[in-house]
Amino acid sequence: MQPLFIGSHLAADFLNTAFEPHGEHIEVIGDGKQLLEWLQAAGVMDVEQAARFARKLGAKGLDAAATEVRKQREWARAWLTRWRSAPGRDYAAEIEHLNDLLENLSVRHEVARTKEGLERVARFQIESSDELLAVLASAIGDLVTQEDPTLLKSCAGDGCTLWFLDRTKAHRRMFCSAAGCGNRAKVAAFRERQREQ
Ligand SMILES: [Zn+2]
């Protein structure tokens, strides 16, 4: 499985874990195993964190986490769709929901040796489904507090539903990929690999 990382922001990449090229629904995080793969590919977890997370939750727990993550993703999609077209609204209920998720954010501080010497590093602790949801909520929180809502765009490609944050200088990015919505090739490859599974 090759998830699509064209969003230029973790929150957009998260939304892009479900998309509909030409009307066909593709789910990237359909179960716990796929969720773990995506989290690592997205850089949310490293191999060690993923192994610990999988051990703590077990196969059933991972599948349940994937279900919950998909649910929150669709909640986020609905809100962000409204937010980018009407950023000035109050959104009290949405902010409250986001803050409920963020309550479970758990950060671990440690001293680590890096190339520059000893450094204090902060890492998200992700050992439960709630802690994972909080990390994903944190990406959405970053998006709505730090980015310009008009730059959160959907690809202009025919039938393409992918999202991205336009970080180009001129703010003229229109497509998910430079090759004129060139994701068709990636999607075809994704389907091919899914068929093999
Ligand atoms: Zn596209």
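Ser138 is located in helix α5, where helices (H or I, at least four residues) and strands (E, at least two) are DSSP runs numbered from the N terminus. The model is a predicted one, in which local features need pLDDT of at least 70 and side-chain atom pairs count only at pLDDT 80 or more, whereas totals for chains, interfaces and linings use all residues. Residues are numbered from 1 along each chain as its sequence is written, and side-chain values use heavy atoms, with hydrogens and water left out.

Ser138 has a relative accessible area of 12% and is therefore buried (buried means under 20% relative accessible area, exposed over 50%, and partly exposed in between, with a 1.4 Å probe and protein chains only). When residues up to four places away in sequence are not counted, Ser138 touches Leu102, Leu105 and Phe124, contact being defined as heavy atoms within 4.5 Å.

Helix α5 (residues 129-146) packs with α3 at an angle of about 25 degrees, the axes lying 8 Å apart. Axes are lines fitted to C-alpha atoms, for helices over the stretch in contact, and angles run from 0 to 180 degrees between N-to-C directions. The angle makes α3 roughly parallel to α5; angles under 35 degrees count as roughly parallel, over 145 as roughly antiparallel, 65 to 115 as roughly perpendicular and the rest as oblique. The crossing in which α3 passes α5 is right-handed, a term used if the near helix is turned clockwise from the far one by less than a right angle, with left-handed used if it is turned anticlockwise. From α3, the residues Phe53, Leu57, Ala65, Glu68, Val69, Gln72, Ala76, Trp79, Leu80 and Trp83 take part, meeting Ser129, Leu132, Leu133, Leu136, Ile140, Leu143 and Val144 of α5. The residues of this contact of α3 with α5 comprise 14 nonpolar, two polar and one charged. In this classification Ala, Val, Leu, Ile, Met, Phe, Trp, Tyr, Cys and Pro count as nonpolar, Asp, Glu, Lys and Arg as charged, and the others, Gly among them, as polar.

Gln72 belongs to helix α3 (residues 47-85) and is buried, its relative accessible area being 9%. With neighbours within four places in sequence left aside, Gln72 is in contact with His97, Leu101 and Leu133. Among these partners, Leu133 is listed for α5 in its contact with α3, while His97 and Leu101 are listed for α4 in the contact of α3 with α4.

The packing of α3 with α4 has an angle of about 145 degrees, with axes 11 Å apart, and the crossing of these two helices is left-handed. Gln72, Trp75, Trp79 and Arg82 of α3 make this contact together with Glu94, Ile95, His97, Leu98 and Leu101 of α4. Its residues fall into five nonpolar, two polar and two charged.

Helix α2 (residues 32-41) also packs with α3, at an angle of about 130 degrees and with axes 7 Å apart; α2 and α3 are therefore oblique to each other. In its crossing, α2 passes α3 in the right-handed sense. On the α2 side the contact is made by Gly32, Lys33, Leu35, Leu36 and Gln40, and on the α3 side by Val47, Ala50, Phe53, Ala54, Leu62, Asp63, Ala65, Ala66 and Val69. The contact of α2 with α3 contains ten nonpolar, two polar and two charged residues.

Tyr91, in the loop between α3 and α4 (92-102), has a phi of about 55 degrees and is buried, with a relative accessible area of 8%. Ser8, in the segment before α1 (10-15), has a phi of about 60 degrees and is partly exposed, at a relative accessible area of 32%.

Gln194 lies in helix α6 (residues 183-196) and is partly exposed, with a relative accessible area of 34%. Apart from neighbours within four places in sequence, Gln194 is in contact with Glu27 and Gln34.

The structure contains zero disulfides, a disulfide being a pair of cysteine sulfur atoms within 2.5 Å. Cys155 is buried at a relative accessible area of 7%, and Cys160 is buried at 16%.
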